[in-house]
Amino acid sequence: MKLYFAPLEGVTDVYFRRIHADLFGTSPMGKADEYFAPFLSITQDLKIHERDLHALAKEKNAGMHVVPQIMTNRADAFLSAARQLWDLGYDEVNLNLGCPSGTVVGKNRGAGFLSEPDMLDRFFYTVFSDPLFTSTEMRLSVKSRLGMVDPDEFKDILEIYNRYPISELILHPRVRKEMYKGDVHTDMTAYTSEHTTIPLCCNGDLFTVRDVDHLFRALPKEPHALMFGRGAVSNPNLFLEVRQYLAKETVTPLTKEQLWQFSDALCRDAQTRLSGAAYAVPFKGALGILDRIVCRCRALPKTSA
Ligand SMILES: Cc1cc2nc3c(=O)[nH]c(=O)nc-3n(C[C@H](O)[C@H](O)[C@H](O)COP(=O)(O)O)c2cc1C
């Protein structure tokens, strides 16, 4: 089973990914099989923003399997950016259908796109008819919420997904109005598992091995993959622990030393880049990382450290 690091805008940027891969990805058991990059920005002339191109350069992501993400409701913008990514050497692009932010949803993007099923259907029709997807090995995966208000909205949304050759469906089983709070709707993950042949990746509130165990007990069959976001930020050793659990081995929890080493590496990296900053990217990434790790993870359940 594949284990992925979720995209967390302002947190899991190229610097964070590098440090995680260098410290925890040296053994096949501890690494994330894939790192999903936070959604990139597309300029007015439908090009990927220079800053994101830098962050996605293959040499900066060497040794990691990175999947870039696009958030748009325009097929022309998606295709233009996806072509650029193909030229950069990427053969998968992920569509963000989950972002709950008010400004994003207000423009019918992210989770907001889920409220426009006809538009969504036309989007996929146009994208999958393009030579980039008919004549190359380029794949499109989707990262989706259940809908805007009612989890049942997903039944119709899934019917749309099922019409297209989507390479993987990453499901965060919450609706937009729930943001990141409340229990995830695992019953809808189970429903999805039974009503699609698209490889399913489960995401949402997987903070510990016990959460993974609970999820598996609720599913009719094993998913193709699991994706960890906040859980893996607060416990960068989570990939090893989950793999040990899957292999029925004794789980070796994160040590305080490892956590210290990880946060120290992030701090040092931030200091180095901030003191000699060549361009503005590092500011958001570095400060964001430290700030968010402290602030956002405070609300998390206790990890093994
Ligand atoms: C700070 C923050 C930034 C996020 N940025 C993105 C993003 O860029 N793209 C995306 O698809 N999801 C994004 N998400 C959602 C996560 O990828 C993930 O789906 C969500 O946190 C649930 O998984 P978790 O419970 O394992 O964290 C973000 C979440 C947080 C908390």
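Two strands pair if DSSP finds at least two bridges between them. In this predicted model, 8 strands close into a barrel in the order β1-β2-β3-β4-β5-β6-β7-β8, and the pairing is parallel. On average, neighbouring strands of this sheet are turned by 25° against each other, direction ignored.

- Strand β1, residues 2-5, is joined to strand β8, residues 225-228, by 4 bridges, and the two strands run parallel.
- Within this pair, Y4 has M227 of β8 as its bridge partner, and F5 has F228 of β8.
- Strand β1 also pairs with strand β2, residues 34-40, in the parallel sense over 2 bridges.
- Here F5 stands opposite Y35 in β2.
- Between β1 and β2 the chain passes through helix α1, residues 14-24, and this β-α-β crossover is right-handed.

- Strand β6, residues 168-171, and strand β7, residues 200-203, run parallel and are joined by 3 bridges.
- The bridge partner of I170 in β7 is C201.
- From β6 the chain reaches β7 through helix α8, residues 186-195, in a right-handed β-α-β crossover.
- Strand β7 is in turn joined to β8 by 3 bridges, and these strands run parallel.
- Helix α9, residues 209-218, carries the chain from β7 to β8, and this β-α-β crossover is right-handed.

**Packing of helices α5 and α7**

- Two packed helices are described by the angle between their axes and the distance between the axes.
- Helix α5, residues 117-129, packs against helix α7, residues 153-162, at an angle of about 15°, and their axes are 10 Å apart.
- Angles under 35 degrees count as roughly parallel, and α5 and α7 are therefore roughly parallel to each other.
- The crossing in which α5 passes α7 is right-handed.

**Surroundings of the ligand**

- There are 24 residues around the ligand, of which A6, E9, P38, G229 and R230 come nearest.
- The residues of this shell divide into 9 nonpolar, 9 polar and 6 charged.
- Strand β2, helix α10 (230-234) and helix α13 (281-297) each supply at least two residues of the shell.

Terms used. Residues are numbered from 1 along each chain as its sequence is written. This is a predicted model: local features need pLDDT of at least 70, side-chain atom pairs count only at pLDDT 80 or more; totals for chains, interfaces and linings use all residues. A crossover is right-handed if, with the strands pointing away from the viewer, the path from the first strand over the helix to the second runs clockwise. A residue is near a molecule or strand if its C-beta atom, placed from the backbone, lies within 6 Å of it. Ala, Val, Leu, Ile, Met, Phe, Trp, Tyr, Cys and Pro count as nonpolar, Asp, Glu, Lys and Arg as charged, and the others, Gly among them, as polar. Axes are lines fitted to C-alpha atoms, for helices over the stretch in contact, and angles run from 0 to 180 degrees between N-to-C directions. Angles under 35 degrees count as roughly parallel, over 145 as roughly antiparallel, 65 to 115 as roughly perpendicular and the rest as oblique. A crossing is left-handed if the near helix is turned anticlockwise from the far one by less than a right angle, and right-handed if clockwise.
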